[in-house]
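Hi everyone, thanks for coming. Let me put the structure up, and then I'll walk you through it.

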Amino acid sequence: MINSQHPAPMPNDYIRTDDTWLAAAARLARRARPLSRPNPAVGCMIVRQDRVVGRGWTQVGGRPHAEAVALAQAGSAAGYATVYVTLEPCAHENGRGPSCTELLIKAQVARVVIGCCDPDPRTAGRGIAALRTAGMEVEVLHCAASRQSLAGYLSRVERQRPFVTLKLALSIDGCLAMADRSSRWITGEAARAHTHGERARHDAILIGRGTLLADQPTLDVRLLGLERQSPERWLLTRGQAPAGWQALHDPADLSVMLPAQYLMVEGGAATAAAFLRADVVDRLLIYRAPIIIGGGMPGIGDIGLGSLAAAHGCWRMTDRQALGSDHLEVYGRMSCLPA
């Protein structure tokens, strides 16, 4: 017989913690990339009595902000609720509308849980201070999921360059093409579709002049409904870029690409080596096909490595998944990953 004073828990019941709610807000933030540019892609969830009453993410062009969208959805239910937001609410004046800090104070929310402080000097701590002055409970969790969802924005503000992903499509033996440079197609349809999805989440995409001359790639997004999200096209060259392209002369000077937050580098071997040699790659996407070429073109050129010991401790695998007959391996730069 079940004791009515202490009912047995339902099998699917669990206590949602601040971390899990922030992780959910970070997943929402993905929907904002890259259309929120130049603003950061922020996610927000408003929770009352363990139920979501409002949610939002930064809209196209950067406005409305995630908090404004979530508050509008919640309406009066936002009162005395807890707000989970991946980035500190903005506190600076803006001609496009009130700050998110003002909106939260007006809505009389009870508690605000923040995943990451805003390094923008216009806000940097002012949002947190204003909320606390208004009598709200504020917690900053320095959440890994929040920081990862804001990687491009944080890189732009803190390092004055975009977050860089290097993508390579390789054979088992590490080749990106035959000896005669032919490379269509090393990977299958599923892997290529995944690549187009990645392109759609980046502000800019870059190749070297050798790849441009050999393949004449369009570097657009060819996924139904995402065609308009094709990134800006950049060329690594010491000369001029052709019409419709922009020139980058030195991987060590990525500040010229701002306000772009996310850059995807697609090839070829010399370009990959140049970015690795400049030590500006934050993430690796390795699409590996179950083929052996033998004597083909290596995927990466000389990166100036002084010793084998120097190669260790730089990268950590963060994801691996099957894409048809191919496999995707994702590596994060150790200095960019949580301990």
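What covers the buried residues of helix H7? The cover includes strands E6, E8, E11, E12, E14 and E15. Please keep in mind that this is a predicted model. The residues of H7 that are buried are Ala-191, Thr-195, His-196, Glu-198, Arg-199 and Ala-200. In general, an α-helix has 3.6 residues a turn, so residues three or four places apart point the same way.

Does the length of H7 come out above, below or in line with what its residue count predicts? With 12 residues at 1.5 Å a residue, H7 should span 16 Å, and its end C-alpha atoms sit 17 Å apart, which agrees.

Now, the pockets. The largest one holds about 990 Å³ of space. Its lining has 38 residues, and those nearest the centre are Gln-148, Ser-149, Ala-151, Phe-163 and Arg-283. H7, residues 189-200, is one of the elements that supply at least two residues of this lining, and others include helix H1 (18-29), helix H5 (144-149), helix H6 (151-159) and strand E6 (163-170). Strands E12 (283-288), E14 (315-323) and E15 (326-333) each supply at least two as well. Sorted by class, the lining of this largest pocket comes to 16 nonpolar, 10 polar and 12 charged residues.

The second largest pocket has a volume of about 800 Å³. Of the 36 residues lining it, Lys-167, Ser-183, Thr-211, Asp-215 and Glu-266 are the closest to its centre. Here too, E6 and H7 each give at least two lining residues, as do strand E7 (175-177), strand E8 (204-208), helix H8 (209-215), strand E11 (262-267) and helix H9 (269-277). By class, this second lining has 15 nonpolar, 12 polar and nine charged residues.

Let's move on to the nonpolar cores. Which residues of the largest core touch the most other members? Out of 24 residues, they are Cys-44, Ile-46, Val-83, Leu-104, Val-109 and Val-112. Two or more residues each come from strand E1 (43-48), helix H2 (66-74), strand E3 (82-85), strand E4 (111-114), helix H4 (126-133) and H6. The largest share of this core, four residues, belongs to H2.

Apart from neighbours within four places in sequence, Val-112 contacts Val-83, Val-85, Leu-104, Leu-131, Met-136, Glu-137, Val-138 and Glu-139. There is also a second, separate core of 23 residues, with Leu-206, Ala-272, Ala-274 and Val-280 among them.

That's my tour, and I'm happy to take questions!

Conventions. Residues are numbered from 1 along each chain as its sequence is written. This is a predicted model: local features need pLDDT of at least 70, side-chain atom pairs count only at pLDDT 80 or more; totals for chains, interfaces and linings use all residues. Side-chain values use heavy atoms; hydrogens and water are left out. On a 1 Å grid over the protein atoms alone, a cavity is a set of points where a 1.4 Å probe fits but cannot get out, and a pocket is an open set with protein on both sides within 12 Å along at least five of seven lines; lining residues have an atom within 4 Å of a point. Grid points are joined across faces, edges and corners, and a volume is the space filled by probe spheres set on the points. Ala, Val, Leu, Ile, Met, Phe, Trp, Tyr, Cys and Pro count as nonpolar, Asp, Glu, Lys and Arg as charged, and the others, Gly among them, as polar. A nonpolar core is a set of buried Ala, Val, Leu, Ile, Met, Phe, Trp, Tyr and Cys residues joined through side-chain atoms within 4.5 Å. Buried means under 20% relative accessible area, exposed over 50%, partly exposed in between (1.4 Å probe, protein chains only). Contact means heavy atoms within 4.5 Å. The expected span of a helix is 1.5 Å times one less than its number of residues.
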